[in-house]
Amino acid sequence: MNPPPEARPQEVLLFTLERQRYGLPVQDVRELVRAARLTHLPRAPDVVEGLLNLRGELLPVLDLRRRFRHPARPLSPMDHFIIATNGLRPVALRVDRAEGLRVIASDEWDASPRELPGVGYVAGAAKLPDGLVLVHDLRAFLSEAEALQLDVALGARPETA
């Protein structure tokens, strides 16, 4: 029998947003790209900032600022997009900066934040020497209603912003 995920080392992509560090399991990450102009997506849920055209692939950009209750700010050329997979759907996440990969050892992993109210999209926390990092589960990031609303919006023709 395999040990639970928090008992095994796990590789995580660390990133910052408003000077706070977060993480994503590396298996959910496809690539990193510099910020680029977004296209408005009518009828998308509030958590979708717009569409990114990445080499002909249209990706919804999820607004982490809104989800994590950080103040909104305009897109900057210094921002990064993390291209990741939310279940079967490829998405882009706008972050201030991608810091790099880090292996989280089993003694650094704490799955208890999953039990806290209001953090349904947190897979756990990494207790690193320089602070706590919440590791997110993109599969739970969009509610079922938001995912359905996004499907409807993606079926419509986007307007250029």
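**Stop one: a hairpin**

Select Leu51 to begin: across from this residue, in β5, is Pro60. The two strands here, β4 and β5, run antiparallel and are joined by 6 bridges. A word on names: strands (DSSP runs of E, at least two residues) and helices (runs of H or I, at least four residues) are numbered from the N terminus. Strands count as paired if DSSP finds at least two bridges between them.

Now click Arg55. The hairpin of β4 and β5 has 2 residues between the strands, and Arg55 takes a positive phi near 50 degrees there.

Before moving on, remember that this is a predicted model, where local features need pLDDT of at least 70 and side-chain atom pairs pLDDT 80 or more, while totals for chains, interfaces and linings use all residues. Residues are numbered from 1 along each chain as its sequence is written, and side-chain values use heavy atoms, leaving out hydrogens and water.

**Stop two: the sheet around that hairpin**

Where does β5 find a parallel partner? Colour residues 57–62 (β5) and 89–95 (β7), which pair in the parallel sense over 2 bridges.

**Stop three: another sheet**

Select β8, β1, β2, β11, β10 and β9: they form an open sheet of 6 strands in that order, again with mixed pairing. The edge strands are β8 (97–104) and β9 (109–110).

Start at the β9 end. Two antiparallel strands, β9 and β10 (residues 122–128), are joined by 2 bridges, and Trp109 has Ala126 in β10 as its bridge partner. Carry on to β11, which runs antiparallel to β10 and is joined to it by 6 bridges. That pair forms a hairpin with 2 residues between the strands; look for Gly124 opposite Val135 in β11.

Then step across to β2 (residues 20–25), which pairs with β11 (residues 131–136) in the parallel sense over 2 bridges. Here Tyr22 has Leu134 as its bridge partner in β11.

**Stop four: rings and a cavity**

Stay on Tyr22 and show side chains. Together with Phe15 and Phe68, Tyr22 forms one aromatic cluster. The count comes to 2 aromatic pairs, where rings of Phe, Tyr and Trp (its six-membered ring) pair if their centres lie within 6.5 Å.

Which residues line the largest cavity? Select Phe15, Leu24, Leu64, Phe68, Leu93, His136, Leu138 and Phe141. A cavity is a set of points on a 1 Å grid over the protein atoms alone where a 1.4 Å probe fits but cannot get out, and lining residues have an atom within 4 Å of a point. The lining divides into 7 nonpolar residues, 1 polar and no charged. About 30 Å³ of space lies inside, the volume being the space filled by probe spheres set on the points.

Conventions:
1 Å grid on protein atoms, 1.4 Å probe; cavity = no way out; pocket = protein on both sides within 12 Å on 5 of 7 lines; lining within 4 Å. Nonpolar A, V, L, I, M, F, W, Y, C, P; charged D, E, K, R; others polar. Phe/Tyr/Trp six-rings, centres within 6.5 Å; stacked < 30°, edge-to-face > 60°.
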